[in-house]
Amino acid sequence: MGDTLQIKKQAKKYDVVIVGSGAGGGMSAYVLANAGLKVCLLEAGPDYDPATNSSQMKNPWESPRRGASTKFRPFGDFDGCYWGWEIDGEPYTHAPGTKWEWWRARMVGGRTNHWGRISLRFGPKDFKRKSIDGLGDDWPIGYEDVKPYYDKIDQLIGVFGSNEGLPNDPDGIFLPAPKPRLHELYIKKAAISGGVPVIPSRLSILTKQINKERGACFYCAQCGRSCKVYADFSSSSVLIKPAVATGNVDLITNAMAREVLTNKEGKATGISYVNKEDMQEYQVEGKVVILAASACESARLMLNSKSEQHPNGISNSSNVVGKYLHDSTGAAMGGVLPKLVGRKRYNEDGVGGMHVYSPWWLDNKKLDFPRGYHIEYWGGMSQPSYGFGFDMESQNGMFPINGKTKEAGGYGASLKEDVRYLFGAGVGMAGRGESIAVETNFCEIDPSVVDKYGIPVLRFNTKNSDYEIKQAKHMKETFREIMHNMGAVITWGDTDGPENDYGLANPGNIIHEAGTIRMGNDPKKSALNKWSQAHDCKNLFNVDGGQFVSQADKNITWTILALSMRTSEYIIDQLKKNNL
Amino acid sequence: MDRRKSIKTLLVGTAVASVLIESCDTSVKNNSAASSKGLNEEDRMAEEKITNKKLRDEIFFTPTEMATITILGDIIIPKDAVSGSASEAKVPEFIEFIVKDMPEHQTPMRGGLRWLEMISLKKFGNSFTAITEKQRIEIIDEIAYPKKAKASMKQGVAFFNLMRNLTTTGFYTSEMGVKDVGYMGNVPNQWNGVPDDVLKEHNLAYTERELKECVNYDTK
C-alpha cells in the first residue's frame, strides 16, 4: 500500500446498496435481487458459508479449549458467530454509571449464524402498547400490516410450532414440532400445575424438508454452530446464497461502512467504506441505500453521516436517532432434578434449542409492572464441553449418590461416580421480557474516541428502570415455583434480590438491540415512516432492529425479516414509479 | 473468497506486517500439516488461527509443575472399572493449554502448586512429587473437602477446587470421558420422543395431541 490515502470510486452504479448481511440485509438482498434489481451488499466481516465453515458435529476434544469461550467466540469455541462483546480495534464506550453490553457479529449472515432460532410473531397488542398501558409509543402499523409477511416468511424459511389460537401469540404456518424431551415433560407438568402454559416452541428449524436447496434437521442440537445442511435459518445460507446465485448481487466482504454519502439535495447517493483487506477507502453508489448493520451500528452510521443538508446526522432532524435503545429483559435460574439422576442413557439431543416454551400468560392489570415475558427452558443430557463437571463440591454433597450421602468435594473413583450419577439431571429456565423504550436510554457518538479505521465510535447511556427490575423479580418468583413444583433442587439463580436487581441482565446482554431509528407518523418524534423509509431522506431505509418502536416479549428476528420483506417490496414498487 | 489470500492481504500495510505475515505463513503451513493429522481448521477465522498457533507454541508450566499436575490429576480422576485416568486422557496437556488461553488461571495454579509444595516440604521434608502415595493422600484429604477443611487449609481448598474443576472438565470432554459419562448424541438421527421404556419408568406419557401433531419419523 502506498502512503497516500486515495478514495476509490466504483464505476458500477447499483440500484440498491445494502449495509449488513444479517436477517434484515439478507432478506432485502434476497427480495430485491429476485426482482431483478442490481444490489451491492456490504459486509464488515469475512465470507461465511455454514456448509464449509461450521463447527457442527465436532467433538469437544477437537477444540484445544474444549469448547470454552474466547473473545472471538464468547458463546464457545464451536459457536457459529465471529466476534461478540469485544472486537479488536473497534471499541465502544459508556457514560459514567451506565451499562450496555454490545454484541457485534462480523461475518456474512451476521449473528443469524448462531442465534436461538426462536421465531415469534408479534401479536396485535404488541404494536399498540401505548394505547393499552400509556407507556412508550404505538407503532404506525399494526399486526394486520405485517401478517401477510409473517405468512410468507413462515413458508419461505420454515418454522415449526403449533397453532394454539392465543390472542397475542398469533398462529402461523408451522411445520410439526418435535416431541418434548424428558426434562421438558417434567417442566410442562410442573409449570401447568402452577398456571403457567407450556406449548411447543416456535423455532426456524426444518423438521421436514421444504426445498431442494436445504436439508431436514438431523437432531444434533447444534444450531448455535450454524447448520451444514442449511436445516435451520441463517441469513448466510438461506438468503444470501440464493440472492448471490441470481447474479444480481455483488457481495463485498470485509467492508466497514464509514458513512452514507449524500448529494446537494440531501439524497443518499451511496456508501463510503474501508476495505479491511487493503485498508483503502472506497465509495459505492446506488439509487437507494438500505441500512441493516444492526440497530446500533446503523444509528452510528447515520449519526456519523453529517452534511450541510443533514447537520445532525442523516435524517435526524427529529434528533431521535440513537434514542429509545432497548433490549429484552432477562433473568434465569437452574438446578438439579433428582428424578433424573442415574438416568438411562439415550440420544436426546433434539433440535438446537428447547422443544417447549411458555408464552406470556398474565394480565398486567393485576401486576406491579407493565408488559410481559416468555420462558425458555433447557436441561438433560447434552454434549459435555468446558465447564462440565465444574463445582462438584457444591453439588455432590446435596444429594445421596446411589443411595449414599457423601462429604461435599472429594476425588478419585468416588468423584467419577458422582459425575456419572448427576449427568443429564440439570434443568434451567430463563425469562425474556419486554422493556420499555425510553428517550433517556440511548447511544450517541463519543466526542473523542475513534476505532482503528478512524470512525467515531458509540458511547452508550442506558439503564434498567423499575419496570424491568419488577419484571425480573416476578420471573424469579415464577421460576422458583416451577422448580418447586417439579421437585428440583435450585443450585443457582436463587440468591438474587433488590441488591442486584433480582438478577436482571445488563441492558444489551440479551442481544436484542432495537429502537434507535424508530418509525412513526410524526417526523418530529421518529426517524422513519411506516415503510421504514427515512422521513428526511426518501431513498434511505432501515431494515434491522433500529426501526422498532417497541419489541414485545418476542425475539425480534422474525419481525425484522417480515418488515425487511415488506420494505423491500415497497422499494421495488417505488422505484418502478420513479418515486425514490 | 480464498480465505488464506484474505489473511495476507489483510495484513499488508499494517505496521507490524512483516512479523504477522511470518507467523501467519507458519500457521498456514502448520495448518496444512495439521490437517493431515485430522486437525480441521476450516471453521476458524484468521485471527483465531494466529491466536491458537501462538498458544500452542508457548510453554507455561515447568517440568516439575507438570509432574505435580499429572500426579494430582490421576488422584482426582484415577483409572477405574469404567474408564482410564486423567493422564491417559491427556488432561495435563489440556491444563497446560487452558491456563495459557485463560490467563486468570495462571496465578492460582502456579501459586497453588507452590503452596502444595511448601506443605509437602514442611510436613514430610520433601517435594510433593517425591513423597509417598500415602503421604500425598494425607495432604489431599485436608484440602479436598471444603466444608470440613481447617481454616489454615482454605488456600489449599481453593487450589484443589480449581484443580478438580480443570481435571474433571478436561477428562469428561476427552474421548474417553465422553464415553465414560455415556453421552450418546452428536450423531445424525431422527427424534421420535422419549423412548417408551423411559416414559414408563418415569410414569409420564405424551398427550394425544402431541402424538398426533408432533413430528413422527416412525415408519411402522
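Chain B contains 11 helices and zero strands, where helices (H or I, at least four residues) and strands (E, at least two) are DSSP runs numbered from the N terminus. The structure is a predicted model, in which local features need pLDDT of at least 70, side-chain atom pairs count only at pLDDT 80 or more, and totals for chains, interfaces and linings use all residues. Residues are numbered from 1 along each chain as its sequence is written, while chains are lettered from A and ligands numbered from 1 in the order in which they are written.

**Chain B overall**

- Along the sequence, the pattern of chain B reads α-α-α-α-α-α-α-α-α-α-α.
- Of the 220 residues in chain B, 30% are buried; a residue is buried if 20 or more other C-beta atoms lie within 10 Å of its own, exposed if 12 or fewer, and partly exposed in between, with C-beta atoms placed from the backbone.
- Among contacts in chain B with a separation of 6 or more, 54% join residues 24 or more positions apart; two residues are in contact if their C-beta atoms, placed from the backbone, lie within 7 Å.

**Helix α6 of chain B**

- Helix α6(B) comprises 19 residues (residues 106–124) and should span 27 Å at 1.5 Å a residue, which agrees with the 27 Å between its end C-alpha atoms; the expected span is 1.5 Å times one less than the number of residues.
- The buried residues of α6(B) are B:Met109, B:Gly112, B:Leu113, B:Leu116 and B:Ser120.
- These residues lie on the same side of α6(B) because they cover an arc of only 100° around the axis, the arc being that of the directions from the helix axis to the C-beta atoms.
- They pack against α4 (63–76), α5 (91–101), α7 (133–143) and α8 (154–172) of chain B.
- Exposed residues B:Thr107, B:Met118 and B:Lys122 are carried on the face of α6(B) turned away from its buried side.
- After α6(B) comes B:Gly125, which has a positive phi, near 70°.

**Contact between chains A and B**

- Chain A contributes 67 residues to the contact and chain B contributes 60 residues.
- In chain A, α2 (50–53), α5 (182–193) and α8 (413–422) each supply at least two residues of the side that touches chain B, and α8(A) gives the most, with five residues.

**Strands β2 and β5 of chain A**

- Strand β2 (residues 39–42) of chain A runs parallel to β5(A) and is joined to it by four bridges; two strands pair if DSSP finds at least two bridges between them.
- A:Ile252 in β5(A) is the bridge partner of A:Leu42.
- The covered face of β5(A) (residues 249–252) holds A:Val249 and A:Leu251, and the uncovered face holds A:Asp250 and A:Ile252.
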